[in-house]
Amino acid sequence: VQVTGERVAVMTDMAIKAENIDEAKAEEARKRAEARLAEKLDDEEAALVSASLMHSLAQLKVKRRQHR
């Protein structure tokens, strides 16, 4: 994040336009990740699944914000 005067720049390794997000696929991915987290996972696998869950939740938030 870079803040200067009246401008804020956010650097990210992922950017997807809301219109390019498939809400049904993102919702399915969220459900799969939540189901996997309910299982007994080692730390590395749990971290990967958590990252996947956060990715899906972020997509859903952007897509659902577009509907407003």
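## A loop residue and its patch

V10 sits in the loop that runs between β2 (7-9) and α1 (23-37). This is a predicted model, in which local features need pLDDT of at least 70 and side-chain atom pairs count only at pLDDT 80 or more, while totals for chains, interfaces and linings use all residues. Residues are numbered from 1 along each chain as its sequence is written, and side-chain values use heavy atoms, with hydrogens and water left out. Helices (H or I, at least four residues) and strands (E, at least two) are DSSP runs, numbered from the N terminus.

V10 is exposed, because its relative accessibility is 59%. The classes are these: buried is under 20% relative accessible area, exposed is over 50%, and partly exposed is in between (1.4 Å probe, protein chains only).

## Salt bridges between helices

Side chains of opposite charge can pair when their charged atoms come close. The whole structure holds 6 salt bridges. Each one is a side-chain nitrogen of Lys or Arg within 4 Å of a carboxyl oxygen of Asp or Glu.

R64 pairs with E23 at 2.9 Å, N to O. R64 belongs to helix α2 (residues 43-66) and E23 to helix α1, so this bridge links distant parts of the chain, 41 residues apart. R64 also meets E27 in a salt bridge, at 2.8 Å from N to O. E27 is in helix α1 and R64 in helix α2, so the pair ties together parts 37 residues apart in sequence.

How do these side chains differ in cover? R64 is partly exposed at 38%. E23 is partly exposed too, at 24%. E27 is buried, with a relative accessible area of 16%.

## The network and another pair

The salt bridges form a network that links E23, E27, R30, E34 and R64.

R36 and E45 make a further salt bridge. Their closest N and O atoms are 2.1 Å apart. R36 counts as partly exposed, at 29% relative accessibility. E45 is partly exposed at 30%.
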